[in-house]
Amino acid sequence: MYAYDTFDHAMVNARVEEFRDQVARRLSGELTEEEFRPLRLMNGLYLQLHAYMLRVAVPYGTLNSRQMRRLAHIARKYDKGYGHFTTRQNIQYNWPKLVDAPDILADLAEVEMHAIQTSGNCIRNVTTDQFAGAAHDEVADPRATAEIIRQWSTFHPEFSFLPRKFKIAITGAPKDRAAVKWHDIGLVLKKNETGELGVEVLVGGGMGRTPVIAKTIANFVPESEMLSYLEAILRVYNEQGRRDNKYKARIKILVEDTGTEEFKRLVEEEYEAIRAGFIDVPAEEVARIRQFFAPPPLPVLADEDAGLDALAAADFRFRAWVKNNTFAHKVPGHVSVTISLKPHGGIPGDATDAQMDLVADIAEEYSQDEVRVSHEQNLILPHVAKRDLVAIWQKLDAAGLGAANVGLLTDIIACPGLDYCSLANARSIPIAQAITNRFDDLKRLEDIGQLKIKISGCINSCGHHHAGHIGILGVDRKGEENYQLLLGGSGEEDASKAAILGPGFDEHGIVDAVEKVVTAYMGERKEGETFLAAYRRLGPDVFKEAVYGAR
């Protein structure tokens with residue numbers, strides 16, 4: 001993984017000391033909250049319902065064990081003993097004290113981490129496939145591309161005050177595990193007929209109150225010219241994006257209003273003006289950065305393991321965990337392991353300090369010292385020998401991290417909602433907990449099969465409800481929390497927007513409604529047909545009848 005050079009260290013340390021001075025002036029009363037607000041936001045510090053919230057960047061979701069232990073240390077020393085992993089592959093702390101914020105940032109800087117550009121109208125943390133560098137189906141490791149973009153966009157003077165926040169995602173495989181079509185810019189790594197590496201560029205995706213799926217504006221841009229093309233997109237957006245209305249300021253609105261072809265023409269015009277200039281990275285520098293992401297020297301091992309097979313035959317839970325929580329690796333005899341942060345009845349994305357320490361220990365011993373954070377709020381051990389799966393599962397299970405539900409109904413994405421967020425209209429966490437309790441039966445979950453539920457506590461869509469096979473949106477209805485039910489969304493390469501099924505429910509009714517939808521699916525599905533495929537075949541009427549017919 002990427003290691004800081006002297007410039008990186010100096011830049012981050014200087015930022016810590018600058019913020020230390022700003023916090024001191026706020027605490028002394030020299031700065032008002034209004035004056036302090038833009039300064040704290042530039043360092044990832046929000047003021048939520050009950051306390052400050054610090055959002056720490058995890059670039060493209062990659063950590064080593066030392067960094068994971070430091071996150072655990074911060075949770076233990078400065079927070080309430082846990083952290084919350086987010087849909088942007090970051091981590092949030094919900095209870096830090098303002099006076100401690102500079103020390104937290106200093107602790108992070110010691111392990112080459114920070115909270116820069118985790119807030120504000122700038123280019124945010126670039127996200128990517130959680131299996132990058134390990135996936136059997138990838139064209140190239142997208143993390144090197146993400147690192148090049150990170151270096152280009154960090155403190156970019158022209159793009160530090162965009163009309164609105166800006167999010168970029170990259171996938172290095174045809175199978176989209178990074179939700180690229182739901183981002184301001186989505187990049188798909190591919191090779192042309194000569195074997196040259198480049199990117200397909202999609203633009204104008206996003207969720208929020210106006211969900212839009214991104215459109216392709218370039219089928220292939222050579223990697224050597226990628227930054228020029230991105231710079232051209234950002235320049236057009238920065239110049240023509242709306243600043244008079246925050247709800248219409250995202251690039252998706254500009255692309256929709258301008259029209260995809262006209263927007264593409266504007267970008268191509270700017271691209272021609274700046275390509276072959278000083279923006280793009282020399283080939284030798286690209287090669288240097290790619291060296292940080294060189295694959296680990298894994299031995300080719302046997303795919304079969306007697307110990308694994310024996311436990312799988314004897315223990316249904318372990319057998320389900322191997323089936324659901326492991327992903328094929330490019331090196332035979334290895335897999336990537338997804339550690340579910342969705343225990344039944346738990347809070348999606350939360351991990352305690354002890355659990356983070358354990359994951360760090362396991363990563364160090366069994367996974368080449370690497371941990372990943374997925375946008376689905378789970379943790380990944382990317383490089384695991386199959387012969388070690390028994391030992392790993394037993395350690396995880398003993399710590400409450402052995403849930404075998406990845407990709408199943410209880411692997412729910414949920415935002416913090418009204419329990420923490422000052423923007424929320426309704427609680428998300430209790431709904432997720434109630435659903436996992438209702439479906440607290442692994443054999444039932446296995447029978448239902450792949451089904452993604454995503455919950456947002458407001459229209460800002462941090463829980464990605466528009467992309468859920470079943471989406472739940474919390475709204476305020478005359479002072480009461482109300483939940484809309486949406487069906488048919490997807491965040492993958494077949495991206496689609498979920499549609500509202502009908503009138504909303506209270507917090508108890510929405511759980512009953514989800515169960516009725518699932519029951520209808522199981523009654524109508526064909527053999528081997530997933531929920532999403534069944535919904536697309538049947539349409540909404542079957543599910544409307546199931547949910548509202550007896551009202």
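Analyst: Two strands count as paired here if DSSP finds at least two bridges between them. The model is a predicted one.

On that basis, 5 strands form an open sheet, in the order E3-E14-E15-E12-E11. The pairing is antiparallel. Strand E3 (62-64) and E11 stand at the edges, and each has a single partner strand, so one side of each is left without a neighbour in the sheet. From one strand to the next, the twist averages 30 degrees.

Now the pair E12 and E15. Strand E12 covers residues 334-339, and strand E15 covers residues 379-385. They pair in the antiparallel sense over 5 bridges.

H11 lies across E11 and E12. Its direction is about 45 degrees to E11.

H11 gives the most, with 3 residues. The pocket holds about 600 Å³ of space. Its lining has 29 residues, and Glu376, Val406, Gly407, Gln450 and Lys452 lie nearest the centre. By class, the lining of this pocket divides into 6 nonpolar, 13 polar and 10 charged residues.

The structure also holds cavities: 6 of 30 Å³ or more. The largest cavity has a volume of about 130 Å³. It is lined by 13 residues, with Ile116, Gln117, Asn125, Arg150 and Thr154 nearest its centre. That lining has 5 nonpolar, 6 polar and 2 charged residues.

The second largest cavity has a volume of about 60 Å³. Ile116 lines this cavity too, and among the other lining residues are Val12, Arg15, Val16 and Asn43. Helix H1 (6-28) and helix H4 (101-110) each supply at least two lining residues. H1 gives the most, with 3. The classes here are 7 nonpolar, 2 polar and 1 charged.

Last, a helix pair. Helix H5 (residues 142-153) packs on helix H9 (residues 283-291) at an angle of about 120 degrees, with the axes 9 Å apart. The crossing is right-handed. H5 brings Ala144, Thr145, Glu147, Ile148 and Gln151 to the contact, and H9 brings Val286, Ile289 and Arg290. By class, the contact has 4 nonpolar, 2 polar and 2 charged residues.

Methods
Residues are numbered from 1 along each chain as its sequence is written. This is a predicted model: local features need pLDDT of at least 70, side-chain atom pairs count only at pLDDT 80 or more; totals for chains, interfaces and linings use all residues. Side-chain values use heavy atoms; hydrogens and water are left out. On a 1 Å grid over the protein atoms alone, a cavity is a set of points where a 1.4 Å probe fits but cannot get out, and a pocket is an open set with protein on both sides within 12 Å along at least five of seven lines; lining residues have an atom within 4 Å of a point. Grid points are joined across faces, edges and corners, and a volume is the space filled by probe spheres set on the points. Helices (H or I, at least four residues) and strands (E, at least two) are DSSP runs, numbered from the N terminus. Ala, Val, Leu, Ile, Met, Phe, Trp, Tyr, Cys and Pro count as nonpolar, Asp, Glu, Lys and Arg as charged, and the others, Gly among them, as polar. Axes are lines fitted to C-alpha atoms, for helices over the stretch in contact, and angles run from 0 to 180 degrees between N-to-C directions. Contact means heavy atoms within 4.5 Å. A crossing is left-handed if the near helix is turned anticlockwise from the far one by less than a right angle, and right-handed if clockwise.
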